[in-house]
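Biologist: I would like to go through this protein with you. Please put the sequence and the structure on the screen.

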Amino acid sequence: MTLRRISKEQPENFEFTKNSLDEANKIISKYPNGKQQSAVMALLYIAQKQHDNWIPLSAMKYIGKLLDMPYVKVYEVATFYTMYNLSPVGKHFVQVCTTTPCMIRGAHKIVEACKEKISENENELVKEKNCSWMEVECLGACINAPMMQINENYYEDLDKEKALKILDDVIAGKTPKHGSFRGRLNSEPENNRKTLLDVKNA
């Protein structure tokens, strides 16, 4: 497992905005009395979303108090799961899947696009562009490979040219339409093929 380090620069305070707190309380209410600590993962995700895609130590302490659980237990969860970012990644966080199916179908070209548009170095926050990128393991969209995730959105069926255009839009503050870039609906076969109807006696 990759060594995960917290950021050296930390804000002194953190608290949920009204909308974030409302969302957190809604999630906490789904658990029985005394079991509210089970909401810790969801609350960490809310904190990350609110705080430009990363979770400071002050947010972990805040969540610990909110859930009446020791801060160290919140810290253990946050540092274990790679979906939580422990240092700044930028407002636009680009994750490129380079697991085997994506790599076979050209993920290295998507990586090249990120190096050209964002930074030569993975996990390097480029302040003037307010974004960073990294390679990740399977994002669960193998049939639509190659693909990348930007914040919460999936961009699938990519090539380098399309990836470059998406990154240009993101850096310019736009939100490109997500999904397949070959016009597919979800993971449907291409060209409207009906696989089981193509072969007799299938």
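Biologist: What do the buried residues of H3 pack against?
Modeller: They pack against helix H1 (18-28), helix H2 (40-50) and H4, where a contact means heavy atoms within 4.5 Å. Buried stands for under 20% relative accessible area, exposed for over 50%, and partly exposed for what lies in between, with a 1.4 Å probe and protein chains only. This is a predicted model, in which local features need pLDDT of at least 70 and side-chain atom pairs count only at pLDDT 80 or more, while totals for chains, interfaces and linings use all residues. Residues are numbered from 1 along each chain as its sequence is written, and side-chain values use heavy atoms, with hydrogens and water left out.

Biologist: Which residues of H3 are the buried ones?
Modeller: They are Leu57, Ser58, Ala59, Met60, Tyr62, Ile63 and Gly64. Because these make up seven of the ten residues of helix H3 (residues 57-66), the helix is largely enclosed by the rest of the structure.

Biologist: And what follows H3?
Modeller: Asp68 comes after H3, and its phi is positive, near 55 degrees.

Biologist: How far is Ala59 from Asn13 in space?
Modeller: The two are 7.6 Å apart, C-alpha to C-alpha, although 46 residues separate them in sequence. Asn13 belongs to the segment before H1 and counts as exposed, at 64% relative accessibility.

Biologist: Let us step back. How many helices and strands does the protein have?
Modeller: There are eight helices and five strands. Both are DSSP runs numbered from the N terminus: helices are H or I with at least four residues, strands are E with at least two. Starting at the N terminus, the order is α-α-α-α-β-α-α-β-β-β-α-β-α.

Biologist: What share of the residues counts as buried?
Modeller: Of 202 residues, 41% are buried. The C-alpha atoms fill a box of roughly 60 × 45 × 35 Å along the principal axes. Of the contacts between residues at least 6 apart in sequence, 63% join residues at least 24 apart.

Biologist: Which residues make the nonpolar surface patch?
Modeller: Met41, Tyr45, Phe80, Tyr81 and Met83 make a patch of about 450 Å². A patch takes residues with over 30% relative accessible area and no salt bridge; like charges are joined within 9 Å, and nonpolar side chains (Val, Leu, Ile, Met, Phe, Trp, Tyr) within 5 Å. Phe80 lies in helix H4 (residues 71-80) and is partly exposed, with a relative accessible area of 47%.

Biologist: Is Gln95 buried or exposed?
Modeller: Gln95 counts as buried, at 15% relative accessibility. Its place is in strand S1 (residues 92-97). Leaving out residues up to four places away in sequence, Gln95 touches Met134, Val136, Leu139, Met148 and Gln149.

Biologist: Now the charges. How many salt bridges are there?
Modeller: The whole structure has ten. Each is a side-chain nitrogen of Lys or Arg within 4 Å of a carboxyl oxygen of Asp or Glu.

Biologist: Where are the partners Glu152 and Lys49 located?
Modeller: Glu152 is in the loop between strand S3 (148-150) and strand S4 (153-156), and Lys49 is in helix H2, 103 residues apart. Their side chains meet at 3.4 Å, N to O. Glu152 is partly exposed at 45% relative accessibility, while Lys49 is exposed at 51%.

Biologist: Which side chain does Lys160 meet in a salt bridge?
Modeller: Lys160 meets Glu112, at 3.2 Å, N to O. The pair links helix H7 (residues 160-171), which holds Lys160, with helix H6 (residues 107-117), which holds Glu112, across 48 residues. Lys160 is partly exposed, with a relative accessible area of 22%, and Glu112 is partly exposed, with 29%.

Biologist: What about Arg182 and Asp157: what do they tie together?
Modeller: Their salt bridge is 3.4 Å, N to O. Arg182 lies in the loop between strand S5 (179-180) and helix H8 (195-198) and Asp157 in the loop between S4 and H7, so the pair ties together parts that are 25 residues apart in sequence. Arg182 is partly exposed at 32% relative accessibility, whereas Asp157 is buried, with a relative accessible area of 1%.

Key. Accessible areas come from the Shrake-Rupley method with a 1.4 Å probe; for residues, only the protein chains shown count as cover.
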